[in-house]
Amino acid sequence: MKKLLSVILTSCILNFMFLPAYANEEGHSGNHIVKADFATDLNVNKASKGQIVQFKSTEECSINGFDIPAGTIFSGKIKAFKKGRWAYRRAKVRIVIDEMILPTGETYNVKGTTKRHVLKGSAVGNVAKGIISLPVAVIVGAAGACVIIVETISIAGLIIVGPTSYLFGETMGKLTHGINCKKHEGDSIKLRIKSISDTPKD
């Protein structure tokens, strides 16, 4: 039980520590920031590797002399992801952008990512859930431990110890499940574009 509480508290502290780092992230030399909106919905807990995610630029911009009008579609794929897990581990996803489609229909190969290299579920929401659900999780864990100890005393109890452990484990998992990462069509995001091909795709 002490180990579980330690993991949960450490997770909450790390959420607070890294929140400002993400909030203050700026573009680096050689990268170009494009303001955009999600053009497709994203639910990391239901995601799959290679899934296509699209974005639509909201402002005209220029990258190395290449004028990109508002309404340009940037298409990417999910490179890696993890679903929300027990001990308040948030869902997270990494998206690699590989294609740009202008309003005229011309398509170019590009290299880029979302500005936040890894998108995650809300850190604030995750900590709030921890504050609310942690006392209940502790009670459930303690109750489960007591029931299992009682069951191991008798032969009959040993038969149902497995299902009991599974039941309490599932309950603990749901109570301490990390926040999912969800994005809806129209949600704003910044893209970090590294390069664009010189010629359009055939």
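**Confidence along the chain**

The structure you see is a predicted model, so let us begin with its confidence, since pLDDT is the predictor's confidence in each residue. The mean pLDDT of the protein is 77, and 66% of the residues reach 70 or more. Where is confidence lowest, and where is it highest? The lowest value belongs to helix α1 (residues 2-23), with a mean of 45, while strand β3 (residues 52-57) has the highest, at 97.

Two stretches have pLDDT under 50: residues 1-5 and residues 16-29. For residues 1-5 the model has 7 contacts beyond four places in sequence; for residues 16-29 it has 17 such contacts.

**Two residues with positive phi**

Here is some background for reading the table. Most residues other than glycine have a negative phi. Asparagine 64, however, has a positive phi, and tyrosine 88 has a positive phi as well.

| Residue | Phi | Loop | Relative accessible area |
|---|---|---|---|
| Tyrosine 88 | about 60° | between β6 (73-82) and β7 (92-101) | 1% |

Tyrosine 88, in the loop between β6 and β7, counts as buried because its relative accessible area is 1%, and buried means under 20%.

Note on methods: Residues are numbered from 1 along each chain as its sequence is written. This is a predicted model: local features need pLDDT of at least 70, side-chain atom pairs count only at pLDDT 80 or more; totals for chains, interfaces and linings use all residues. Side-chain values use heavy atoms; hydrogens and water are left out. pLDDT is the predictor's confidence in each residue, from 0 to 100. Helices (H or I, at least four residues) and strands (E, at least two) are DSSP runs, numbered from the N terminus. Contact means heavy atoms within 4.5 Å. Buried means under 20% relative accessible area, exposed over 50%, partly exposed in between (1.4 Å probe, protein chains only).
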